[in-house]
Amino acid sequence: QVLAWGLRGLRGGVRAPSLEVQCGGQTLRTPTIADLAANPNFPINAFLLMLHLPAEEEYMPPIRLRVLDTRDFGYRPEVGQACVRGLGQHCCQPHGEGQPPGPRTPPPGSAAPWGRIAQILPRITAEKGAADKAAEEEEDEDEDEDDWWSKFYAAMGDKAKSRWGTNRDRLKIYSCELEAVPEFEGLQDFCQTFPLYQPGGHPAAGEDPMPVGEFKGLFHIYPLPEDPGVPPPPRHFQELPPSQPQKCLVRVYIVRAFDLPPRDRNGLCDPYVRVSLGTKTLGQRDQYVPNTLEPVFGRLFEVTGTIPLEKDLRVSLLDYDLLPPDQEVGTTTIDLENRLLSRFRAHCGLPTLYRTAGPGCWRDQLPPSRTLEHFARTRGLPAPTFSVEGTAVTFGDQTFLLSHFESGPPAHRYPGVPRERLALHVLHACHLVPEHLETRTLYNSTQPGLEQGKVQMWVDIFPASLGPPGPAVDITPRKPQRYELRCVVWNTRDVDLRDTNLVGQRMSDIYVTGWLDGLEEQRQRTDVHYRSLQGDGGFNWRFVFSFEYLAAEQLCILPQKARGTPGCREHFWSLDETVLKVPPKLILQVWDNDKFSADDFLGVLELELIRLPRPAQHPQSCTLTRQGTPQSPWPWRGARVPSRLSLFRQRQVRGWWPCTVQEGSKRRLSGKLELSLELLTAKEAEERPAGKGREDPNMYPTLPAPVRPEWSFLWLQAPLRSLRYTIWQQHRCRISLGLALLLLLALLLAFVYATPGYLAMKLVNPLQSLHLAG
């Protein structure tokens, strides 16, 4: 039997071609294609050719194909030819019989699927419990945070970038083209593609000529009964899709590329995507990804085309240059017709779950139940029969229950009716193309045969005759959200004392600096608390840090000037910015201020905002040994308090954290910081403005000036007050005793000095002598 589906890509102004099939001395001529530009398929597709062939495969003659054109005056020139050897791959048993013996294989797509379904049904039931357990563990997670990239990174094994819920919604990543996956038979199970060459230019003649076109068809060779009275077996190719061209919507999802060759002097590339179908070309050169050999595109291209008139989809990567033309990195070509006609349902992959809304909404045109009916019709099988409740279906000679696949209500949101969920489970058991990502190799015409990198992508094809498709999958790369971190430094306790004052007292002039890891240019510092005699300091000082955070990956996005790959030279003309991703970490350092020498380092506190240690509520309980092991408020109930929290969920926290210094191989407690941390989105920060330090607007919260001891001032500003607090407070008893002794000594000296004169006056009494004389 011959399936002559059509001719593709004929060159040289062919008008009305026809096909001749020659084998074993017999010749089959197909009807002429009247209008090649309107419909390149043959008007009649299935033919029967009676042959006498040897039983041994190696002695079978080849099948010769000749394409003849129709010209004026009956002239029929040959415009292309092909030779099909190795007919054993086309041998099969008559339609409707059992498995053939020997090396011959059944025709692709002719085997009934329920045999395989019955084999895997016990395994499905056994694995159901493990899947349900995993689903229960993820039931409490917020699926609104899930996106397509979570499935992608979970399939890649990158748990750090994947989100919750991805164990239930899986994505298959193929390391090759979808046509190269063995279980899908090259997507040529319906018809194969045979290249046509110019007469006398077959590759066996010498060089490798360029094909002048393609023949789409298939051959089935099977024995007929020797007894003429026995009726012939049923023919193949009974259920054929419509041969008229179909208008289709094609969605091309370009996820990423890797292993690209360098195209610029800095050893990097600025790639962008260009998609072509027929005369339509999509993709703009200004949408390039700068300075990378592993770009992440996350682009969706929608294009309409008529298949098979426009069947070859070209996906090209080009390198952006400041002055065009841009260099082509590589191109891959996809035959959309094979995907649309394949009985493996390659036009739209089957998702793991059926959802009626949300990020993983069903995107195909037909629901799973109608898809199962369409699958049965194309395979020549009886239509499936569903129960009234939709929890059971009879397909072939097997009855499937929804309980075979689900032990309870679905844990995910928007699960849909049981009928559709059961139909989807049965479709997955039929080994159809799942929701996937294929890895295609890029080639360049200037360097044929050499790989130019790979691109990961997938294609969805939706015929217009089946109605509008579902919503497209959002694969836009994750975008960071801007946050503002407000850190208020209230007090310090027990900070190391590094200086000595004039009277020998230990003291420190304390101040605190802070910044976010990777954003050192935003470094801020408090004012100085002078002359802290016990390591205590009061600040009431606010730090304000603005940053971009990627919640799905729990990383901060730090833009920086492109530096290229490690080891590459940085050029000053690299104007494009690349990004650096680091975990969100707040770094606070305590210093001792010195005027005439370098400041002394007193301690550091590093706080990871996504794994923030719970603070102590009192400075006495803030220690290194108790840090991260909080006491439960109800210890008799066995309540479990997490040792760490995420500031992105709690948004606000206040308490005491320990500062440490490195001494040898251990870290030592060198002080305690009382902080309040508050995280706001950009919109919240705009609605609740707050200044740095105690500047205006001094709100949320209002920070008063710190109440500091009278001796906590700069001694050069008030030397007498400095003497009062440094000398008087330490030696006031001795000073008072010394002053008393000095006063007594002065009185004693005055007494000794005045006593001789006083005694002489008493003895002589000059006033009495003058009175007697008078």
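This is a short talk about a few local features of the structure above.

Hi everyone, and thanks for coming. Please keep in mind that we are looking at a predicted model.

Let's start with a sheet. Four strands make up an open sheet, in the order β3-β2-β5-β6, and their pairing is antiparallel. Which strands stand at the edges? Those are β3, residues 26-29, and β6, residues 78-84. Each has a single partner strand, so one side of each is left without a neighbour in the sheet. From one strand to the next, the twist averages 15 degrees.

How many bridges join β2 to β5? There are five, between β2 at residues 18-23 and β5 at residues 63-68, and the two strands run antiparallel.

Next, the prolines. Where do we find cis peptide bonds? One joins Ile 307 and Pro 308, with omega at about 15 degrees. Pro 308 sits in the loop that links β13, residues 296-307, with β14, residues 312-319. Another cis peptide bond joins Tyr 700 and Pro 701, and here omega is about -5 degrees. For Pro 701, look in the loop between α7, which covers 682-687, and α8, which covers 719-764.

Glu 185 has a phi of about 55 degrees, and its place is in the loop between β7 (172-173) and β8 (192-196). Asn 291 also has a positive phi, near 55 degrees, and this residue lies in the loop between β12 (280-282) and β13.

Are these two buried or exposed? Glu 185 has 39% relative accessibility, so it counts as partly exposed, the class between 20% and 50%. Asn 291 is at 12%, and because buried means under 20%, Asn 291 counts as buried.

Last stop, towards the end of the numbering I'll show you today. The unreviewed UniProt entry lists residues 735-754 under "transmembrane region".

Definitions and conventions
Residues are numbered from 1 along each chain as its sequence is written. This is a predicted model: local features need pLDDT of at least 70, side-chain atom pairs count only at pLDDT 80 or more; totals for chains, interfaces and linings use all residues. Side-chain values use heavy atoms; hydrogens and water are left out. UniProt positions are given in the numbering used here, feature names are shortened, and annotations may be inferred rather than shown by experiment. Two strands pair if DSSP finds at least two bridges between them. Axes are lines fitted to C-alpha atoms, for helices over the stretch in contact, and angles run from 0 to 180 degrees between N-to-C directions. Buried means under 20% relative accessible area, exposed over 50%, partly exposed in between (1.4 Å probe, protein chains only).
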